[in-house]
Amino acid sequence: IRERYPTVTVLENGENLGFAEGNNVGIGYAMEHGADYVMLLNNDTVVDPAMLTALLEIAESDPTIGIVGPKMLYFDPPDIIWCAGNRIDWASGGLIRLQADQPDTATDEIPVAVDYVTGCGICLRREVIEQIGVLDPRFFIYYEESDWCLRAHNAGWRVLYVPQARLWHKVSAAMGTASPATDYYMARNVLLFLAKHQRGLTRARLLMQVAGRTLLAVAAYTVKPHGGKRTPNRNARLLALRDAMLGRWGKMGPDVAAICYPQSKL
């Protein structure tokens, strides 16, 4: 990269710090060098050349707008929406991708307020990061951007989906939608997310509800292991519950990695 793109700054961390802390390194560098905005962009995306301009035009139109995100389409097929902003279902603790799997009719041209913007393409005003801080490294990967946007909401900032800005996402190209690692981080991190943003009886109800769903999945994978193919997913979810109860966050431990990556020597 340095040879082919000498004007690009490459930051080497030396190890996999996770989506949250890895991006925090880049965020810190950008902030130290005077960035007015910071945008996180996944390496499995392709962007419209006008995407960033469209995002910044909306952000600059109102000083209360702190976070903006584009329309996210599938890379294949490229005319189907993957995500048009997100909503949090506080009744179930679930996350909902808006307009998911709908054709892109290009009729939604007015920016709308959303609960959060998916981290594969999220743009923040500098002042937001100065006020609420960077991504919470305890998540490692998954739920960190949901937490970030809620912290911004709680600090008085608006979060908008901007349909004029567009990107195409090669969804889950890195980890796979049903990998044991995905199951582990999703099952564990939702409990941290709910614990951070709910209180009292509501928090207790949601934590029990979500943990119960994980246990049901564990039971299903036990009854129907699909020739052992689902056993790693089952074990990863069980360890996710264990680690959440013990307050073990960040990168998965060696015992979990042995289940999620049995062929790896790392």
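# Core contacts and helix packing

Reader: Which residues does Leu40 touch, not counting residues up to four places away in sequence?

Author: This is a predicted model, in which local features need pLDDT of at least 70 and side-chain atom pairs count only at pLDDT 80 or more, while totals for chains, interfaces and linings use all residues. Residues are numbered from 1 along each chain as its sequence is written, and side-chain values use heavy atoms, without hydrogens and water. With residues up to four places away set aside, Leu40 touches (heavy atoms within 4.5 Å) Phe19, Asn23, Ile27, Gly119, Cys120, Gly121, Ile122, Leu135 and Trp148.

Reader: Which residues touch the most other members of the largest nonpolar core?

Author: A nonpolar core is a set of buried Ala, Val, Leu, Ile, Met, Phe, Trp, Tyr and Cys residues joined through side-chain atoms within 4.5 Å. The largest one here has 72 residues. Those that touch the most other members are Ile27, Leu40, Ile67, Val68, Ile122, Trp148 and Tyr184.

Reader: Which helix gives the most to this core?

Author: Helices are DSSP runs of H or I with at least four residues, strands are E runs of at least two, and both are numbered from the N terminus. The helix that spans residues 180–197 contributes nine residues to the core. That top contributor is H5.

Reader: Which residues of H6 meet H5?

Author: From H5, the residues involved are Asp183, Ala187, Val190, Leu191, Leu194 and Ala195. Their partners in H6 are Arg203, Leu206, Leu207, Val210, Ala211, Thr214 and Tyr221.

Reader: At roughly what angle do the axes of H6 and H7 cross?

Author: H6 covers residues 200–223 and H7 covers residues 231–246. H6 and H7 are roughly antiparallel to each other. Their axes come within 9 Å and cross at roughly 155 degrees.

Reader: Which residues of H7 make the contact with H6?

Author: H6 supplies Ala211, Thr214, Leu215, Ala217, Val218, Tyr221 and Thr222. H7 supplies Asn233, Arg234, Arg237, Leu238 and Leu241.

Reader: Does Asp243 count as buried or exposed?

Author: Asp243 belongs to helix H7. Leaving aside neighbours within four places in sequence, Asp243 is in contact with Tyr184, Arg188, Arg248 and Val256. Buried means under 20% relative accessible area, exposed over 50% and partly exposed in between (1.4 Å probe, protein chains only). At 2% relative accessibility, Asp243 is therefore buried.

Reader: What is the relative accessibility of Tyr143?

Author: Tyr143 lies in the loop between H3 and H4, and has a positive phi of about 75 degrees although it is not a glycine. Tyr142 is in the loop between helix H3 (126–132) and helix H4 (144–154), has a phi near 80 degrees, and counts as partly exposed at 21% relative accessibility. Tyr143 counts as buried, with a relative accessibility of 9%.

Notes:
Axes are lines fitted to C-alpha atoms, for helices over the stretch in contact, and angles run from 0 to 180 degrees between N-to-C directions. Angles under 35 degrees count as roughly parallel, over 145 as roughly antiparallel, 65 to 115 as roughly perpendicular and the rest as oblique.
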